Amino acid sequence: MTAAPEILGSVSEENVERMKRVEAAFNRGDLDEMLGHIAPDAEWEISESNPSARTLHGHDEIRAYLADWRDTVHGLHYEASRYVHAGDAVVQLGSMTSRVGGGDAELTVPLAFVTRFRDGVPVRTEEYLDVEQALEAVALR
């Protein structure tokens with residue numbers, strides 16, 4: 001579901017499609033392709049709920065952070081259930097799933113991303129463990 005037309009702003013369907021490609025690359029473990037869709041000087045703000053909360057700068061820091069998650073947490077997979085247009089941003093609402101303890105049991109947690117664009121290119125991604133906070137970040141709540 002997307003937001004009402006009056007708040008669509010400048011984000012296009014192309015930007016939503018770009019975020020779907022980013023998500024697919026992450027799920028395949030292809031961090032190089034994923035990063036190829038975002039600006040070289042992009043920022044990634046780690047959720048304030050994470051003990052390692054901070055802002056990452058550029059492909060190298062973002063790659064290291066995501067690679068650490070993929071190496072540490074087995075079967076990591078993100079699935080967006082909804083994309084929301086929000087001015088110069090796309091909000092991905094979904095969940096992250098991983099395998100627990102090397103077995104087949106899975107753990108799923110809600111996870112939202114707010115990705116801000118400049119000239120059609122993602123320049124900043126913010127993680128949120130609380131969907132309402134993500135929507136508030138783009139003034140949709």
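Q: Which residue in strand 6 does Val114 stand opposite?
A: Happy to start here: this is a predicted model, where local features need pLDDT of at least 70, side-chain atom pairs count only at pLDDT 80 or more, and totals for chains, interfaces and linings use all residues. Residues are numbered from 1 along each chain as its sequence is written, and side-chain values use heavy atoms, leaving out hydrogens and water. Strands are DSSP runs of E with at least two residues, helices are runs of H or I with at least four, and both are numbered from the N terminus. In strand 6, the residue opposite Val114 is Glu126.

Q: How many bridges join strand 5 to strand 6?
A: Strands count as paired if DSSP finds at least two bridges between them. Strand 5 (residues 106-118) runs antiparallel to strand 6, and the number of bridges joining them is seven.

Q: Which residue of strand 6 is the bridge partner of Glu43?
A: Strand 1 (residues 43-45) runs parallel to strand 6, joined by three bridges. For Glu43, the partner is Arg124.

Q: How many of the eight residues of strand 6 are buried?
A: Buried means under 20% relative accessible area with a 1.4 Å probe, counting protein chains only. Strand 6 covers residues 121-128 and is mostly covered, with the buried count at seven.

Q: Which backbone oxygen does the side chain of Arg18 reach?
A: Arg18 sits in helix 1 (residues 13-28). Leaving aside residues up to four places away in sequence, Arg18 touches (heavy atoms within 4.5 Å) several residues, including His37 and Phe117. At 3.3 Å, the side chain of Arg18 reaches the backbone oxygen of Gly120.

Terms used: Buried < 20%, exposed > 50% of the residue type's maximum accessible area, 1.4 Å probe, protein only. Polar contact = N/O pair within 3.5 Å; in protein donor to acceptor, adjacent residues only side chain to side chain.
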